[in-house]
Each structure stands twice: as structure tokens, then as C-alpha cells.
Amino acid sequence: MYKQIVVGTDGSEGASLAVSVAVDLARLTGADLHIVYAHKIANAFQVASAVEAGMAPGALLDSNEAIHAEGQRICDRTVEQARRSGVTAEGHCVGADPVEALSAVAQDVHADLIVVGNRGMSGAKRMLGSVPNSVSHHAKCGVLIVPTS
């Protein structure tokens with residue numbers, strides 16, 4: 001049925017519910033699980049703008065590194081939890097918008113399914129957050145939206 005499943009996380013309780021469903025599906029189908037942590041980092045234009053505003057570019061770059069390191073920790077921890085459940089799992093800590101990150105990883109691994117929580121990874125307070133809404137409209141594979149509220 002499924003061979004490659006992609007799931008997003010931000011380390012929150014809601015995202016953990018979506019990951020749990022993805023882990024169960026991967027275990028039941030024998031699929032590989034790809035866990036995605038997306039984070040936004042300052043781009044070259046923002047670094048240049050920071051300099052103009054009097055901010056040291058090194059501070060912004062240090063912030064980027066700290067954000068990436070925290071994302072990598074969350075991703076690694078989630079991958080380890082999946083592996084303890086008997087699932088083949090790989091982490092992807094991506095410096096991009098969550099929708100772009102999920103879509104890129106799904107395309108790269110030829111995903112059959114993307115699993116997301118209904119609140120989105122940024123905690124939107126609507127019934128269907130912007131991340132799951134966008135993923136559901138643009139995915140080239142199946143999408144499972146898990147109720148996480």
C-alpha cells in the first residue's frame with residue numbers, strides 16, 4: 001500500500017499525534033517514514049537589511065544556527081521514537097516554509113502519503129490550519145489530515 005510516508009513535526013503535542021498516526025501506518029504497511037522539521041532562517045537579503053538597521057550580521061547567522069540546531073534535536077528525537085516502534089525512519093531538518101519543506105521532501109522520496117495535523121505546524125487556531133490546507137491543495141500524493149485538537 002504505502003512505501004514512503006512523510007510527516008511534519010514541530011515537536012508540539014499536536015504534531016506528536018500526527019507523528020504517532022504516521023508511525024502506526026508505517027509499521028502496518030512496512031513503509032519508510034520521513035519526518036520533516038521545517039524552520040525559517042534569515043536569508044541574504046534579511047542579513048543585509050539587518051546590517052543597515054545596525055544589527056551585527058553575525059548575530060543573525062548565530063540565530064539561524066541555533067534555530068537549525070533546535071530543529072535537528074527535535075527531528076532526531078522524533079526519528080529515534082519512530083525507530084523504537086520498529087519503523088524505518090529518516091529525519092529531514094529543512095530551512096524552509098513548512099509547506100515547501102513537506103512538498104520538497106515528499107517529492108524527493110517519492111512519497112505515497114503526507115500526514116499532517118489539522119491545526120498546522122504553527123498552531124493556527126482555525127479548524128484547518130494553513131499548512132494542512134496548503135498541503136492538501138498542492139500535494140502530488142495522498143494526504144492524511146489527523147485531528148490534533
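Me: Where is His 39 placed, and why is His 39 called buried or exposed?

Reply: His 39 belongs to strand S2; strands are DSSP runs of E with at least two residues, helices are runs of H or I with at least four, and both are numbered from the N terminus. The relative accessible area of His 39 is 6%. Buried means under 20% of relative accessible area, exposed means over 50%, and partly exposed lies in between, with a 1.4 Å probe and protein chains only; His 39 is therefore buried. The model is a predicted one, in which local features need pLDDT of at least 70 and side-chain atom pairs need pLDDT 80 or more, while totals for chains, interfaces and linings use all residues. Residues are numbered from 1 along each chain as its sequence is written, and side-chain values use heavy atoms, without hydrogens or water.

Me: Which residues does His 39 touch, leaving out those up to four places away in sequence?

Reply: They are Ile 67, His 68, Cys 93, Val 94, Gly 95 and Ala 96. Contact here means heavy atoms within 4.5 Å.

Me: Thr 9 sits in the loop between strand S1 (4-8) and helix H1 (13-29). Which backbone atom lies 3.0 Å from a polar atom of the side chain of Thr 9?

Reply: The atom is the backbone nitrogen of Gly 11. A polar contact is a pair of N or O atoms within 3.5 Å; within protein, one must be able to donate a hydrogen and the other to accept it, and sequence neighbours count only if both atoms are side-chain atoms. Thr 9 has a relative accessible area of 2%, and is therefore buried.

Me: How do you know that the buried residues of H1 line one face?

Reply: The buried residues of H1 are Ala 15, Ala 18, Val 19, Ala 22, Val 23 and Ala 26. Down the axis of H1 they fall within an arc of 145 degrees, so they line one face of the helix; the arc is taken over the directions from the helix axis to the C-beta atoms. The face turned away from the buried side carries the exposed residues Glu 13 and Leu 28.

Me: What makes strand S4 (residues 113-117) mostly covered?

Reply: Of its 5 residues, 5 are buried. Leu 113, Val 115 and Gly 117 point one way, and Ile 114 and Val 116 point the other way. In a regular strand the side chains alternate between the two faces of the sheet.

Me: How do you know that S4 pairs with S1 and with strand S5 (residues 142-146)?

Reply: Two strands pair if DSSP finds at least two bridges between them. S1 and S4 run parallel and are joined by 3 bridges, while 5 bridges join S4 to S5, also in parallel. Ile 114 is the bridge partner of Val 6 and stands opposite Val 143 in S5.

Me: What makes a group of residues a nonpolar core?

Reply: A nonpolar core is a set of buried Ala, Val, Leu, Ile, Met, Phe, Trp, Tyr and Cys residues joined through side-chain atoms within 4.5 Å. The largest one here has 21 residues, and those with the most contacts inside it are Ile 5, Val 7, Leu 33, Ile 35 and Val 115. H1 gives the largest share of this core, 5 residues.
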